[in-house]
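Student: I have a new model open. Can you show me how to read it, feature by feature?

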Amino acid sequence: MSWVYKEILRLIKIDQFQVICKHGIMATATTAHSMESPEQIHPPPINGVYQKWFSWLPSWKPTSEQCLIDTETVVLNTLKTEYTDHYVPIEENTFIRTISMSPETSSTNNTSYPLVMVHGFGCGLAAFYKNLDFLHSKRQLYAFDVLGFGRSSRVPFTRDAERAEDEFVESFEKWRQACGLEKFILLGHSLGGFMSCSYAMKYPERVRHLILVDPWGFPEKPSEQEPTNRSGKYKIIYPAVESYIKLFNPFTFMRAVGPYGPNVLSRFRPDLVEKFGPDFMSYCYHCNAQNPSGETAFSYMQLPIAYSKRPLLNRLDALNPNVPMSMLYGTRSWFDNSVGEKVYAMRPNAYVDVHYIRGAGHHIHADLPEVFNEVVNDICDMVDEGKDLLSEGEGRDEQTAFHSH
């Protein structure tokens, strides 16, 4: 059957398979930036035992786990700093793919808190490839593929929104325990921001400071009569996409069109090609062409197209006031950046600061990486110096809580 598949690809003149999936470049070797180990040479299969049942069938989609490994390697090869690969076991046959980076010099202050970075929907840890080199300079840094995404295990999730959210949170906690981290700065982007905040609600003693970057899932979905801050093309696109999301997972169509999938992704999101580059889009395709485990869990948790069934603003009082928080918003993002002001008002006894990044969209870390890196680094330095800790009875200065960059 494999010759039939190859002939189909030839006839429809699709050559992305050769461009996107460079078989063999990582099959028996490790990256130049990582420490060699048997785990890296033979990483555990992301689909575990489920992969074996149908592995003999020819695939309509031009993808494989090896393609995902290869394309991630291409993206991470842009890093100038050595990193270490980990496949952190959290349960039997379940792993969290992780990379760690050490501070640049051994003389770095031992009181610097580790930084843990959590990516958003539809990608993996390589989404931070423009930020990792800079942000690890003063502290230990960890970035991981959220369970069900990237190269972490693709496990089934519960269909109930609350239980699916808790399964993500518990996977975070099991990962933390396996890594031996006591207290850390937790940064999450988009869906990763939602899950990071949910984690901090349940395990506040582990989070020294919470950094939420254009987080998803805070406001309630407005009624049809309620005005929104969307304008222009979003008023046209939004209803169509909402109807689609009600019926299918977000990337179902991309997988269904098989060898056309890579082109569909890039043509549908040319803005991401411009921000992240074509190599990252190849990686992004292979992240989402695999078994849609985390993607399906997200569908259980969302109200189409960009709202949570369990909005965080409705339960923010569950977040311990002793957990300081910083929020970053791009001024051109389609997410509602007024949430930052609402969070500040809802946490009168907690440290909250809000940063608006001028000219950045939803992907601040890719749109303006230099500005993002400086802002996050300044927040981390402030945390190390204890300037985000409010003394009992100490008031807050609203004039210094909101920043524009």
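**Helices that cross**

Tutor: Let us start with two helices. The axes of helix α4 (residues 65–76) and helix α12 (residues 278–289) come within 8 Å and cross at roughly 150°. Keep in mind that this is a predicted model.

Student: What does that angle make α4 and α12 to each other?

Tutor: Angles over 145 degrees count as roughly antiparallel. Therefore α4 and α12 are roughly antiparallel to each other. The crossing of the two, α4 and α12, is left-handed.

Student: Which residues of α4 and α12 make the contact?

Tutor: On the α4 side, they are Cys67, Leu68, Thr71, Glu72, Val74 and Val75. On the α12 side, look for Asp279, Phe280, Ser282, Tyr283, His286 and Cys287.

Student: At what angle do α10 and α12 pack?

Tutor: The angle is about 120°, and the axes of α10 and α12 are 10 Å apart. That makes α10 oblique to α12. Here α10 passes α12 in a right-handed crossing. From α10, the residues Gly261, Pro262, Leu265 and Ser266 meet Met281, Cys284 and Tyr285 of α12.

**Faces and burial**

Student: How do I read the faces of a helix?

Tutor: Start with the general idea. An α-helix has 3.6 residues a turn, so residues three or four places apart point the same way. Now apply that here. Helix α10 (residues 261–268) has Gly261, Pro262 and Leu265 as its buried residues. Viewed down the axis of α10, these buried residues fall within an arc of 105°, so they line one face of the helix.

Student: How many residues of α13 are buried?

Tutor: Nine of the nine residues of α13 are buried, so α13 is largely enclosed by the rest of the structure. They are Ser293, Gly294, Glu295, Thr296, Ala297, Phe298, Ser299, Tyr300 and Met301.

Student: What covers the buried residues of α13?

Tutor: The cover includes helices α6, α7 (191–202), α9 (252–256) and α12. It also includes β7 (302–303) and β8 (307–308).

**Aromatic pairs**

Student: How do I read a pair of rings?

Tutor: You need two values. A pair of aromatic rings is described by the distance of the centres and the angle of the planes. Rings pair if their centres lie within 6.5 Å. By this rule the count comes to 16 aromatic pairs. Take Phe121 and Phe149, an edge-to-face pair with 5.9 Å centre to centre and 80° between the planes.

Student: Where do Phe121 and Phe149 lie?

Tutor: Phe121 is in the loop between β3 (115–118) and α5 (132–135), and Phe149 is in the loop between β4 (141–144) and α6 (161–179), so the pair ties together parts that are 28 residues apart in sequence. Phe121 is partly exposed, with a relative accessible area of 24%. Phe149 counts as buried, at 4% relative accessibility.

Student: What kind of pair do Phe121 and Phe298 form?

Tutor: Phe121 and Phe298 form a tilted pair, 4.6 Å centre to centre, with 35° between the planes. This pair links distant parts of the chain: Phe121 sits in the loop between β3 and α5, Phe298 in helix α13 (residues 293–301), 177 residues apart. Phe298 is buried, with a relative accessible area of 7%.

Student: Which residues do ring pairs link into a cluster?

Tutor: The cluster holds Tyr142, Phe144, Phe172, Trp175, Phe184, Tyr199 and Tyr203.

**Single residues and their contacts**

Student: Is Arg332 buried or exposed?

Tutor: Arg332 counts as exposed, at 66% relative accessibility. Find Arg332 in the loop between β9 (325–330) and α14 (339–346). Now compare sequence and space. Arg332 and Ala360 are 28 residues apart in sequence, yet 5.5 Å apart in space, C-alpha to C-alpha. Leaving out residues up to four places away in sequence, Arg332 touches Gly359, Ala360 and Gly361.

Student: And Gly217, buried or exposed?

Tutor: Gly217 counts as buried, at 3% relative accessibility. Gly217 is in the loop between β6 (207–213) and α8 (233–247). In sequence, Gly217 and Tyr307 are 90 residues apart; in space they are 5.4 Å apart, C-alpha to C-alpha. The residues touched by Gly217 include Phe194, Ser308 and Arg310.

Student: Where does His189 lie?

Tutor: His189 is in strand β5 (residues 184–189). His189 counts as buried, at 4% relative accessibility. Among the residues it touches are His119, His362, His363 and His365.

Methods. Residues are numbered from 1 along each chain as its sequence is written. This is a predicted model: local features need pLDDT of at least 70, side-chain atom pairs count only at pLDDT 80 or more; totals for chains, interfaces and linings use all residues. Side-chain values use heavy atoms; hydrogens and water are left out. Rings of Phe, Tyr and Trp (its six-membered ring) pair if their centres lie within 6.5 Å; planes under 30 degrees apart count as stacked, over 60 as edge-to-face and the rest as tilted. Helices (H or I, at least four residues) and strands (E, at least two) are DSSP runs, numbered from the N terminus. Buried means under 20% relative accessible area, exposed over 50%, partly exposed in between (1.4 Å probe, protein chains only). The arc is that of the directions from the helix axis to the C-beta atoms. Axes are lines fitted to C-alpha atoms, for helices over the stretch in contact, and angles run from 0 to 180 degrees between N-to-C directions. Angles under 35 degrees count as roughly parallel, over 145 as roughly antiparallel, 65 to 115 as roughly perpendicular and the rest as oblique. A crossing is left-handed if the near helix is turned anticlockwise from the far one by less than a right angle, and right-handed if clockwise. Contact means heavy atoms within 4.5 Å.
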